[in-house]
Amino acid sequence: MAKLQPGPKLQPVRGTHDILGDKARAFRFIQGVFQDVAIRFGHQEISTPIFEFTEVFKRTLGETSDVVSKEMYTFEDRGGEFLTLRPEYTAGIARAFISNGLQQSLPCKFYGFGPMFRYERPQKGRMRQFHQMDVEILGVPEPQADIEVLAIAATLLTELKLIDDVTLEINSLGDTESRNDYRDALVTYFEAHKDQLSEDSLARLTKNPMRILDSKDEGDRALVENAPRISAYYNDPTKAFFDEVISGLDALDIKYVINERLVRGLDYYCHTAFEFITTKLGAQGTVLAGGRYDGLMELMGGPPTAGIGWAAGMERMAELVSPDLVLNEPRPIALIPVGPDCQSEALKIAQQLRIAGHAVHMSYKGNMKKRMKRANNANANEAVIIGEDELARGMATIKNLNDGKQQEIALDKILNYLDQYLSLEVKKR
Ligand code: ATP
Ligand code: MG
């Protein structure tokens, strides 16, 4: 077999990244807060496969959506099945709901996180493998579920200390009647300005006219400015539903702005649509997006089941969170055996310390200066030095790496002495 060539060729695939160091720490931190918040809201973890039958996404995301028409990683497997790497979570969760017969146990509240795959043009905040955190509530047609998923998002962003960096934009797409009326009005309006529409939007006009409101094309945007407004087409049930969502936000003191241009193209979306947006990330400013999708489950061939949820981009959140907040790992203890006869005793002490909840960096070899340098690099609080002479007397040397002071201490007292460094996090367990 040909060897992989070292050097510049050995790069990650375009649009993919290794996650290590500070970024890995930020990811773990964000995930930890997310899980904690989701559990406090009564959500259960769900982990669906990374790949599904292509149909699962094609049907639910719609042939005309960007994701299906341009961005899916689809391949034929060795058995001739067409499979797709998941571009988002909701479709997989809806599929899992049907496969597992969960209509018997409604409502279902889920959370999940993991990698997603989209063939996009890589740029800042836009990758081909990226990570999302996702929250869904199935089986609750009332606006309480909309309020609850928004509360989860706001709580997460608050605990990540990002709430002041983002704006919640919210809109109502209305129920089927309002939505259809609005769509007709939009088609009439854009038909009259057909010659000014971009090629993409012209295609959307017949298949998915609401998507035109989302267009990034300059010419389209000018047209969109004067397009009919959705709120003019709300019927009474739509108004009542939206009012209740808004009152919930007010009651929880969650700030928002209503953005009537915020839409979702597909028919199964209804009522609430929302995004948390920041100006701190340049062009890719949406950190979290979601909405209600009451028609989705039927479209997938399942029992009619209301649904609402959101997904947040972890890479974008990781860019925003303050490193001070992330750096909360307990400082380790450095364990330094001097001489081969001390190895097994050091091993035992390290194990005891680790079981007691300490992080221990074992020093393997090198002269004392090098080992101390490594202990400092690991940000250790204390170095426990086990030398042959001390060991013979049942003692070890402890060096405080903050002030450089050292003292001898009996081996059976080490654990007690080092207890002071157990982080609060660890003590809580
Ligand atoms: P956009 O309009 O930016 O393409 P989208 O509508 O495709 O967004 P969603 O499918 O709603 O995005 O995904 C939810 C969130 O996931 C986004 O708000 C963003 O934070 C993140 N996200 C989406 N695509 C990518 C990507 N290619 N790279 C990194 N993060 C992404
Ligand atoms: Mg996209």
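Trainee: What relative accessibility does Tyr-233 have, and how does Tyr-233 count on that scale?

Mentor: With a relative accessibility of 28%, Tyr-233 counts as partly exposed. Before we continue, please note that this is a predicted model, in which local features need pLDDT of at least 70 and side-chain atom pairs count only at pLDDT 80 or more, while totals for chains, interfaces and linings use all residues. Residues are numbered from 1 along each chain as its sequence is written, chains are lettered from A and ligands numbered from 1 in the order in which they are written, and side-chain values use heavy atoms, with hydrogens and water left out.

Trainee: How many aromatic pairs does the structure hold?

Mentor: Rings of Phe, Tyr and Trp (its six-membered ring) pair if their centres lie within 6.5 Å; planes under 30 degrees apart count as stacked, over 60 as edge-to-face and the rest as tilted. The structure holds nine such pairs. One of them joins Tyr-182 and Tyr-233, with 5.6 Å from centre to centre and 50° between the planes, a tilted arrangement.

Trainee: Why can the pair of Tyr-182 and Tyr-233 be said to tie parts together?

Mentor: Helices (H or I, at least four residues) and strands (E, at least two) are DSSP runs, numbered from the N terminus. Tyr-182 belongs to helix H6 (residues 176-191), whereas Tyr-233 sits in the loop between helix H8 (218-225) and helix H9 (236-251), so the pair ties together parts that are 51 residues apart in sequence. Tyr-182 itself is buried, at 0% relative accessibility.

Trainee: How are the rings of Tyr-268 and Tyr-269 arranged?

Mentor: Their centres are 4.8 Å apart and their planes stand at 35°, so this pair is tilted. Tyr-268 counts as buried at 10% relative accessibility, and Tyr-269 is buried as well, at 17%. Elsewhere, Phe-34, Tyr-111, Phe-113 and Trp-310 form one aromatic cluster.

Trainee: Which residues are the closest to ligand 1?

Mentor: A residue is near a molecule if one of its heavy atoms lies within 4 Å of it. Here 14 residues surround ligand 1, and the closest are Arg-118, Glu-120, Arg-126, Met-127 and Thr-286. By class, this shell has five nonpolar, four polar and five charged residues; Ala, Val, Leu, Ile, Met, Phe, Trp, Tyr, Cys and Pro count as nonpolar, Asp, Glu, Lys and Arg as charged, and the others, Gly among them, as polar.

Trainee: What distances separate polar atoms of the protein from ligand 1?

Mentor: A polar contact is a pair of N or O atoms within 3.5 Å; within protein, one must be able to donate a hydrogen and the other to accept it, and residues adjacent in sequence count only if both atoms are side-chain atoms. An N or O atom in the side chain of Arg-118 is 2.8 Å from an oxygen atom of ligand 1. A polar side-chain atom of Arg-126 also lies 2.8 Å from an oxygen atom of the ligand. Gly-313 takes part through its backbone, with an N or O atom 3.3 Å from a ligand oxygen. Taken alone, ligand 1 exposes 590 Å², of which the protein buries 79%; accessible areas come from the Shrake-Rupley method with a 1.4 Å probe, and for residues only the protein chains shown count as cover.

Trainee: Which elements give two or more residues to the shell around ligand 1?

Mentor: They are strand E6 (129-138), strand E10 (286-292) and strand E11 (307-313). E10 gives the most, with three residues.

Trainee: What domains does the chain have, and what distance separates their centres?

Mentor: Domain bounds come from an automatic or database domain assignment. For this chain it gives domain 1 (11-175 + 235-324) and domain 2 (330-428). Taken over C-alpha atoms, the two centres are separated by 45 Å.

Key
Buried means under 20% relative accessible area, exposed over 50%, partly exposed in between (1.4 Å probe, protein chains only).
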